[in-house]
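This report describes the structure shown below, moving from single residues to the overall fold.

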Amino acid sequence: MAKLTTEELLEQFAGLTLVELNDFVKAFEDKFEVTAAAPVAVAGAAGAGAAEVEEEKDSFDVILEAAGDKKIQVIKTVRELTSLGLGEAKAVVDGAPKAVLEGANKEAAEKAKAALEEAGATVTLK
């Protein structure tokens with residue numbers, strides 16, 4: 001098996017959907033017995049940098065306004081979109097309005113919004 005360069009790996013990841021990427025992260029965590037808890041901190045840092053880039057509007061925050069009547073389905077969707085555990089995802093849904101994704105690109109933000117709305121949530125992009 002040929003070893004892939006960092007650039008080749010990044011190209012492969014760029015082609016994945018959010019759900020596929022989330023599945024990969026979970027498999028990576030299981031295989032190497034690590035936790036990807038850092039993305040929460042990174043998302044916060046990306047959110048801070050997003051204010052500077054917001055003029056061009058290529059960075060979006062996905063805000064969960066309300067869970068609607070299918071709360072359990074919305075919690076499942078939040079878990080699929082993020083690396084949050086069940087408790088953290090429930091806290092996001094219970095704390096609505098709350099950011100689900102921060103500093104996401106337009107395509108990822110629109111996919112996340114569509115997935116949450118399909119689950120029954122009310123969502124806005126900022």
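In this predicted model, Thr82 touches Asn22, Val100 and Leu101, leaving aside residues up to four places away in sequence. Thr82 lies in the loop that runs between H4 and H5. With a relative accessibility of 11%, Thr82 falls under the 20% limit and therefore counts as buried. Its side chain also reaches the backbone oxygen of Val78, at 2.8 Å.

**Helix H5**

Helix H5 covers residues 86-94, and Ala89, Val92 and Val93 in this helix are buried. Viewed down the axis of H5, the buried residues fall within an arc of 95 degrees, so they line one face of the helix. What do the buried residues of H5 pack against? Their partners are strand S1 (60-66), helix H4 (71-81) and strand S2 (98-104).

**Salt bridges**

How many salt bridges does a search of the whole structure find? The search finds 4.

| Pair | Distance, N to O |
|---|---|
| Lys71 and Asp94 | 2.6 Å |
| Asp94 and Lys90 | 2.7 Å |
| Lys113 and Glu117 | 3.7 Å |

The side chains of Lys71 and Asp94 meet in a salt bridge. Lys71 belongs to helix H4 and Asp94 to helix H5, so this pair ties together parts that are 23 residues apart in sequence. Lys71 is partly exposed, at a relative accessible area of 34%. Asp94 is partly exposed as well, at 41%.

Asp94 also forms a salt bridge with Lys90. These two residues are 4 apart in helix H5, and about one helical turn separates them. Lys90 has a relative accessibility of 38% and counts as partly exposed.

In helix H6 (residues 106-118), Lys113 and Glu117 are likewise 4 residues apart, with about one helical turn between them. Their side chains meet in a salt bridge. Lys113 is partly exposed, with a relative accessible area of 26%, and Glu117 is partly exposed at 38%. Elsewhere, salt bridges that share partners join Lys71, Lys90 and Asp94 into one network.

**Phe24 and helix H2**

Phe24 is found in helix H2, which spans residues 18-32. Its relative accessibility is 35%, a value that counts as partly exposed. Between Phe24 and Phe13 the C-alpha to C-alpha distance is 9.4 Å, and the two residues are 11 apart in sequence.

**The sheet**

In what order do the strands of the open sheet stand? The 3 strands are arranged as S2-S1-S3, with antiparallel pairing. S2 and strand S3 (122-125) stand at the edges and have a single partner strand each, so one side of each is left without a neighbour in the sheet. From one strand to the next, the twist averages 20 degrees. In general terms, strands of a sheet pair through backbone hydrogen bonds, either parallel or antiparallel.

The antiparallel strands S1 and S3 are joined by 4 bridges. Leu64 stands opposite Val123, a residue of S3.

**Overall fold**

The secondary structure of the protein amounts to 6 helices and 3 strands. Along the sequence these elements follow the pattern α-α-α-β-α-α-β-α-β. The protein has 126 residues, of which 23% are buried. For contacts between residues at least 6 apart in sequence, 68% join residues at least 24 apart.

Taken together, several of these details centre on H5. Its buried residues pack against both S1 and S2 of the sheet, as well as H4.

Key: Residues numbered from 1 in each chain as written. Predicted model: local features only at pLDDT ≥ 70, side-chain atom pairs only at ≥ 80, totals over all residues. Heavy atoms only, no water. Buried < 20%, exposed > 50% of the residue type's maximum accessible area, 1.4 Å probe, protein only. Arc of directions from axis to C-beta. Contact = heavy atoms within 4.5 Å. Polar contact = N/O pair within 3.5 Å; in protein donor to acceptor, adjacent residues only side chain to side chain. Pairing = 2+ DSSP bridges. Axes fitted to C-alpha atoms, helices over the stretch in contact; angles between N-to-C directions.
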